[in-house]
Amino acid sequence: MTAPTSIWSPLRQPAFRGLWICGAVFFIGAGMQTMAAAWLMVELTGSSFLAALVQTAVFLPMFLLALPAGVLADTTDRRRLISGALIAQVAACTLLAALVLAGWGGPGSVLFLVFVCGCCTAVLTPAWNSSVVDPVPREEWPQAITAIGIAYNAARAIGPTLAGLLFARLGAGWVFVVTVFTTLVMWESIRRWPPRAHPPSSLPPERLWGGTLSGLRFAWHSRIILAQLVRVMAFSAAGSALWALLPVIAQRQLGTGAEGFGLLMGCLGTGAVCSGLVIGRLRARFALDAIVSLSCAVFAAVMLLAAWVRVPSVVYVAMAFGGAAWMATMSTFNTATQASAPPWVRSRAVALHIVSALGAFAIGSAFWGAVSDIAGLTAALVAAGVVMAAGLLLVRPFPLRMGALHEVTQGTPWDELFVVDEPSPSAGPVAVEVGYRIRPGVDQAFLDTISHMKDPRRRDGASFWRVYRDLGEPSRYVERFIVASWADYLHQRARATVADRALETEIRAFLAEGESATMSHYIAER
């Protein structure tokens, strides 16, 4: 197997290998905690809804906090951010273990402390995901991200299985004790292999709110990223039914105990690991949409089978196929998102992927749990399978592809910034006009080409963009866009990619002989 398709290539890097191993330990602990909390909730309450709420408590914080955490990861010290979140998580895990061991852990306290741990994980995840691939060359990122996915899904196989065995013999409290130590392992890896520092910049720093808006604006106006986010949201919302209702499937459908539930989770994780070992070769041979569409169909079939079949061995085998489909889809989305975002917004793109995937997962878990309580387990799983299959209708309006290197590499600005009196960073709004005097007879081709500048301008900071024709001189056109402040305009100039500069070259090819584009800047006074 060659380097472009082998997941072993990035593992030759010592720093990545160490972070990968310690991350796997942390994922195992998280899987153990989720399984133990869900089964404890079943024992304490017998409610499908409350058992499904454990998944919501784990993943809803991602929906609430991942994007602000992504802004912090893009603009602050990632080592301090990750370490602080891990220390807080150790404290919450320790308190949860102590309460359950003492017999004081009721449904409310368990859900609350699981939610706190979820908040800590949400804060550190964008920073960790964007920094763990730092030691790896860009061309090996897909393999590195797939390796991380394998570790995560192997943890889904190992963690719940271990938790089921430990829960059956010693109880939930000791499972939570183990999670304390797995979190400390993660903290030690960050101390030993800290994330790479952000490159120094003379630009004004982004604030939390402004950085959040920048990330949202980038995703909305980047067609590649938007397509990935919409697709992952649809897949995760429908697929969450199977994950959230596994305890109920184990207890009511199959009649197994905690060990059987752990085995169901283990089969899902095992299938995911097997899929991860071959997904690189599949991506080299097939289009992304083909892989994702087939995986959606397989996962929908697994949910329908789980709704009707009551033979444990058949359901276990089906879960392995479901795990393989889940891994193939989610790793493809994750890889495409990270590879399609430039460095200035990569953590925010990761955060938005998390918000879309796990936010939909959390809300979907609560929804399908409620449907199960009202209409029954079989009806909930059948409805989820139908919704998953309907998601294939998104292929045409939201096609998937990987971003190319020139689309994420910073380019050199066409024009020097000449202003007599540079305003303060907060001054604005700023209006920018670029004038073009073009050759006769190329108006329509010019307008078709310059229209492609709308998305890059809006994506990188503009709140308004338009092209005007000069009524006094029909061969002259003006491109006009508005940015909220001078600082935002400076950031916008720095964010333009090599692909954007190539588009500007195409536009300037329409200029009349001897003419050049003229740029003017205006600052709002009233």
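## Salt bridge between Asp289 and Arg231

In this predicted model, the side chains of Asp289 and Arg231 form a salt bridge with an N to O distance of 2.9 Å. Asp289 belongs to helix 11 (residues 288–308) and Arg231 to helix 8 (residues 223–244), so the pair ties together parts that are 58 residues apart in sequence. Asp289 has a relative accessibility of 15% and therefore counts as buried. Arg231 is also buried, its relative accessible area being 6%.

## Other salt bridges

The count of salt bridges comes to 16. One of them joins Asp74 and Arg348, whose closest N and O atoms are 2.8 Å apart. Because Asp74 lies in helix 2 (residues 48–75) and Arg348 in helix 13 (residues 346–375), this pair ties together parts separated by 274 residues in sequence. Both Asp74 and Arg348 are buried.

Glu504 pairs with Arg457, with 3.9 Å between the closest N and O atoms.

## Packing of helices 15 and 18

The axes of helix 15 (residues 443–450) and helix 18 (residues 498–508) come within 9 Å and cross at roughly 170°. Helices 15 and 18 are therefore roughly antiparallel, and their crossing is left-handed.

Leu282 is located in helix 10 (residues 258–285) and, at 32% relative accessibility, counts as partly exposed.

Conventions:
Residues are numbered from 1 along each chain as its sequence is written. This is a predicted model: local features need pLDDT of at least 70, side-chain atom pairs count only at pLDDT 80 or more; totals for chains, interfaces and linings use all residues. Side-chain values use heavy atoms; hydrogens and water are left out. Helices (H or I, at least four residues) and strands (E, at least two) are DSSP runs, numbered from the N terminus. Buried means under 20% relative accessible area, exposed over 50%, partly exposed in between (1.4 Å probe, protein chains only). Axes are lines fitted to C-alpha atoms, for helices over the stretch in contact, and angles run from 0 to 180 degrees between N-to-C directions. Angles under 35 degrees count as roughly parallel, over 145 as roughly antiparallel, 65 to 115 as roughly perpendicular and the rest as oblique. A crossing is left-handed if the near helix is turned anticlockwise from the far one by less than a right angle, and right-handed if clockwise. A salt bridge is a side-chain nitrogen of Lys or Arg within 4 Å of a carboxyl oxygen of Asp or Glu.
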